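Hello,

Here is the structure I promised to pass on to you. Have a look at it first, and then read on for what turned up.

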Amino acid sequence: MTIEGSCQHPERAELQGRLQRLQSAMSGQGLDFYLCHDPSNIFYLTNFANYVHERPFVLLVPVSGDMTFLMPKLEEPHVRARAVCDLQFLHYFEFPAPPGQGWQDRLQDVLSSQHAVGVESQCPLAVANEVPGTTRVLDLVDDIRQIKSAYEIARIAYTSELLSAGHAQLLEAATPGQMPLLLHKEVSGTLIQRLLSDNPNSNVLNSKFNAVVQPPGMSHDPHNFTDLFCFLEQGGPHVSIVQGLANGYGAEIERTWFINEVPEAARAPFNDMLEARALAYELAVPGACMSEVDRRVNELLKARGYADNLLHRTGHSFGVTDHEGPFLAEGYEHEIRPGMVFSIEPGIYLPGVGGFRFSDTVLVTDTGNIKLTEGPESLEECTIQG
């Protein structure tokens, strides 16, 4: 099964469908309005990307009809240039503002004490506390984002193709003494150039690429990037991470690999990681429980003696971000459904030896799952001659 990728902006019908699903969920919850503050949810519903700063952007979704976008006046032309939906515009001049002229005052122009309003769980208290009426914390947009449309799958497939090419470029340039910082510069630069070539109107505010490598002395600590001037080494394990957003849709690919030789202490954990990964692919199918996938993978790794060397869940999702729910995690009792996208990345982390992790961006299909990213799969393929 091959998924053709796309980096093009959505058609109006795509966003209208998202709004209709949200309004249907709101009706089922008895809400009059839903308030979005999370930039990823605002992007999902409008195609406009903003950054959180002291000037709030607030999207107000009624249970029927068009959305109202409360924003700084200076941003209205930007919103109009990017939005792909019908919006009512409501702006305030500046923050801070004189009494009666702030964003809080404009919020009252739409919401009243009679309204039932849903508010995202990640909404800042400074915004949530200004909402009149009866409020309920509900993550309705996050819920509908979990299952991807055909358009979204094509967008994630494009990002996956781009990152896979970037990862191949990184491995081709890997030699002992090479600086990961320079690899990041070269690969990320190539990826943004290709994106802009494929779609010159791509939103650079919602595009980013990271191409990083952890040498053996750091790879046991998966989020340790403190030494920017480290070097690749003979042997390994090195762990590479190529991930990001291409015009608003995320993916990732990660690999453990070696240069010229494989230390004997690395062989068993590498193979055990691959076995745990294969089990995760076998289990991550429609109808399965997300918690059970992670539990079974963890049981396998614990049985191999790695109980103290597990640092994270089996996987997370992608969409309009490069790291979001739902999760392949113990305690997350939710059903896997077709159209969901996950990373599959069980890992083993051994201080003094290194880290062992593959990650791919994986689409759940009607009958199983398929990888959208591509990289080396075996120990032989992951031993680079550099």
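Which residue in strand 4 is the bridge partner of threonine 68? It is glutamine 88. Please keep in mind that this is a predicted model.

Next, arginine 145. You will find arginine 145 in helix 6, which covers residues 140-145. Arginine 145 has a relative accessibility of 4%, so it counts as buried, the limit being under 20%. Its side chain makes a polar contact with the side chain of glutamate 324, at 2.7 Å. Leaving aside neighbours within four places in sequence, arginine 145 is in contact with Ser40, Asn41 and Tyr44, and also with Val320, Thr321 and Glu324.

Last, leucine 181, which sits in helix 8 (residues 180-198). Is leucine 181 buried or partly exposed? Leucine 181 counts as partly exposed because its relative accessibility is 34%, between the 20% and 50% cut-offs. Beyond its neighbours within four places in sequence, leucine 181 is in contact with Leu228 and Phe229. Leucine 181 and phenylalanine 229 are 48 residues apart in sequence, with a C-alpha to C-alpha separation of 6.8 Å in space.

Best wishes

Key. Residues are numbered from 1 along each chain as its sequence is written. This is a predicted model: local features need pLDDT of at least 70, side-chain atom pairs count only at pLDDT 80 or more; totals for chains, interfaces and linings use all residues. Side-chain values use heavy atoms; hydrogens and water are left out. Helices (H or I, at least four residues) and strands (E, at least two) are DSSP runs, numbered from the N terminus. Buried means under 20% relative accessible area, exposed over 50%, partly exposed in between (1.4 Å probe, protein chains only). A polar contact is a pair of N or O atoms within 3.5 Å; within protein, one must be able to donate a hydrogen and the other to accept it, and residues adjacent in sequence count only if both atoms are side-chain atoms. Contact means heavy atoms within 4.5 Å. Two strands pair if DSSP finds at least two bridges between them.
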